[in-house]
Amino acid sequence: MTAASPTMSAQAVPPSAVAEHKPARFALARKTIMTPILLSLLLVAIAVLTYLTGSRPFNQTVIDVFVRVTLVVGLYIFIGNSGVLSFGHIAFTCLGGYAAAWLTINPIMKASALPGLPQFILDLRLPYWQSAVIAAIFAGVAALILGKVLMRLSGIAASIATFAVLAMINTIYANWDSVTGGTSSVVGIPIIRTIWPYLIGAIIAIFLAWAHAISRSGLALRAARDEPTAAAASGVDIPRERLVAFVVSGAVMGLGGALTAHSVGVVTPDTFYLGLTFITLSMLVVGGMGSLSGAVIGVVLLSALIQILRWMEAGISIAETTIALPKGVQEIALGVIMIVILALRPSGLLGNREVTLFQRKRNR
Amino acid sequence: MLQILFDALSLGSLYALGALGIALIFGVMRLVNFAHGDVIAFSVFALLWPSTDALAIVFAGQLPWYLLIPFVLIVGALLSVLCEIVVYRRFRHASPATMMIASFALGFVIRYFLLMLFTSRPKSISLLPALGQPVEIFGARLPLLQLITIVATICILLALTLFLRRTRFGLEMRAAAENFSMARMLGVRANNVIMGAFAISGALAGAIALIFGSQTGTLDIQMGASVMLMAFIATVIGGLGSLPGAVLAGFLLGAASVVMQVFLPIDARPFRDAFVYGAVILVLLFSPQGLISARGTKERV
């Protein structure tokens with residue numbers, strides 16, 4: 001009798017109630033749309049400020065910030081929504097970065113540096129925005145294939161398996177000399193010096209994350225994160241929802257990889273290894289793993305801090321004496337901040353809240 | 001053939017020792033200790049004076065071997081206990097994911113502390129040079145070091161087994177690994193057990209550092225990372241928290257690496273590690289709890 005009741009009630013629902021269900025989804029979108037808009041406005045404000053000052057080194061710093069926003073938002077899409085810690089996402093950034101390099105380097109240089117590429121790629125030379133899109137799709141497909149396998153694991157085994165993926169991709173890219181140039185750097189990627197493409201990339205990442213979070217799949221995934229047993233009992237296919245998030249975040253990481261490649265013009269396997277994993281993860285943790293705003297604000301705050309430490313490592317002249325911090329202080333400071341925040345506020349600076357215009361009462 | 005066997009055993013010994021150090025800590029406090037690899041690097045860098053030269057300025061390294069080996073082991077143990085007191089004690093009640101990130105951050109702090117003192121350039125050093133000579137056994141020429149590595153590992157494993165089985169402290173540690181809160185209620189002192197586990201794990205890290213340093217003849221601040229990664233994988237394959245499982249999986253991984261090194265076609269050899277990682281993911285798929293799953297670590301509904 002109780003087993004039959006859900007079907008009974010489903011039949012009993014009049015058509016008008018089904019029609020009313022749709023606006024509910026839009027209501028959710030309306031209620032949460034302020035968050036991505038505000039975050040984008042924050043980034044736009046930073047970009048406009050940079051544009052007005054017109055300083056070259058500052059310009060490069062802000063480009064780095066936007067690239068990292070893309071990466072950390074990519075991480076958030078998977079880690080934040082699924083609650084599974086991944087150390088392997090930088091592997092997709094690596095795939096994206098190299099894909100962008102393959103597609104945009106001058107064919108003459110490519111033929112001599114990377115002779116192992118297939119002929120049609122060797123002849124190809126795409127504008128950067130097309131290569132970025134293809135890089136994202138490439139990384140997304142790789143995430144789909146790897147995720148199909150990985151998402152059947154959970155908990156610590158899943159985290160360590162993602163670490164193995166990172167090491168695997170790194171080993172392959174560091175040794176496949178004819179296609180990736182081995183451990184030496186691949187040069188000649190066209191460098192884009194204006195900030196706007198990076199700004200657009202970061203904003204696309206933010207809106208993708210928002211769209212995923214309010215989609216059916218994103219809601220189901222967060223339910224599974226908070227109450228796995230209850231969610232599974234209510235018909236949430238946890239591996240499938242995790243896979244969706246994994247693919248979306250893999251594609252965003254790939255986009256971030258392409259942006260990284262175009263911002264510095266050089267890719268090496270070591271660019272995309274433990275160092276970048278550490279920095280992006282620490283930004284996510286400091287801001288708060290559970291919220292999109294946390295991801296973006298963590299990047300902005302920590303990037304500012306890193307920049308200050310870098311200046312201090314380079315040396316500050318005070319009345320003819322230069323005081324310089326020894327190299328490595330930057331990472332040590334980051335690590336210490338991360339540990340302190342984890343100990344005092346495990347859910348990050350923002351907790352699990354999002355920024356909105358009007359703070360509504362939660363937990364209704 | 002014998003050569004392959006010994007290669008596999010000595011590489012496996014390294015992985016097994018690393019896996020043991022990680023599994024010990026995981027057993028008592030559910031912490032996946034990513035800082036372990038950096039403890040390895042630190043304990044052997046303690047032999048050098050801080051300098052930026054490529055040729056190491058040896059400081060404690062000139063000690064005779066019967067002082068040098070305890071020195072490195074004690075440095076490892078001390079650093080590991082220090083990490084526990086300063087950092088991990090704050091995370092006793094945190095979730096495993098939080099602890100994992102904290103240890104990842106701590107590892108970076110240690111690594112960049114080394115970088116600050118020694119720069120990132122690898123340093124050449126001849127640790128225990130007497131061990132480089134080859135010896136002949138059953139018609140195979142083997143470096144003496146390889147033999148000593150294997151013998152030392154077996155001794156360490158035996159000693160640790162005896163320690164865990166026959167002493168009161170070992171009993172407490174096993175009890176804590178099985179069910180930590182129950183053990184505390186029955187009068188096991190949590191801090192002692194956890195610090196003991198960290199000390200043993202740090203000493204194991206020191207042992208790895210010694211073997212690794214004398215094998216390669218170079219010290220690198222990154223040197224712990226590759227061993228550590230394999231050691232993690234070994235602990236996961238072996239069943240998290242299970243000590244025999246960790247050791248067994250360590251030796252298996254060593255064997256798999258050496259066998260692939262020998263039998264893969266030459267073009268594919270540089271990708272050996274990639275194949276090993278791939279194989280690991282496959283193993284995890286078929287038995288996510290590992291080969292020997294420890295009691296008390298299974299996921300409960």
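UniProt positions are given in the numbering used here, and the annotations may be inferred rather than shown by experiment. On that basis, the unreviewed UniProt entry for chain A places the feature "transmembrane region" at residues 32-52, 58-78, 90-108, 128-146, 153-175, 195-215 and 243-265. The coordinates examined here are those of a predicted model.

Residues 58-78 of chain A are 100% helix and 0% strand, with end C-alpha atoms 31 Å apart.

Residues 99-118 of chain B form a span that is 100% helix and 0% strand, and its end C-alpha atoms lie 28 Å apart. Residues 193-215 of chain B are also 100% helix and 0% strand, with 33 Å between the end C-alpha atoms.

The size of an interface is often given as the accessible area lost when the parts come together. Between chain B and chain A the buried area is about 3500 Å², and carbon and sulfur atoms give 88% of this area. The contact draws 41 residues from chain A and 39 residues from chain B.

Rolling a probe the size of a water molecule over the atoms shows where empty space is left. Two cavities of 30 Å³ or more are present in the structure. The largest cavity holds about 70 Å³ of space. Its lining comprises A:Phe163 and A:Leu274 from chain A, together with B:Phe34, B:Asp38, B:Phe104, B:Gly107, B:Phe108, B:Arg111 and B:Met228 from chain B. Helix H4 (residues 96-118) of chain B contributes the most to this lining, with four residues. By class, the lining of the largest cavity consists of six nonpolar residues, one polar residue and two charged residues.

The second largest cavity has a volume of about 30 Å³. A:Tyr128, A:Ile192, A:Pro197, A:Tyr198, A:Leu259 and A:His262 line this second cavity. Helix H11 (196-214) and helix H14 (238-264) of chain A are the elements that each give two or more residues to the lining of the second largest cavity. That lining divides into five nonpolar residues and one polar residue, with no charged residues.

Terms used
Residues numbered from 1 in each chain as written. Chains lettered and ligands numbered in written order. Predicted model: local features only at pLDDT ≥ 70, side-chain atom pairs only at ≥ 80, totals over all residues. Heavy atoms only, no water. 1 Å grid on protein atoms, 1.4 Å probe; cavity = no way out; pocket = protein on both sides within 12 Å on 5 of 7 lines; lining within 4 Å. Points joined across faces, edges and corners; volume = space filled by probe spheres on them. Nonpolar A, V, L, I, M, F, W, Y, C, P; charged D, E, K, R; others polar. Contact = heavy atoms within 4.5 Å. Buried area = accessible area lost by both parts, 1.4 Å probe.
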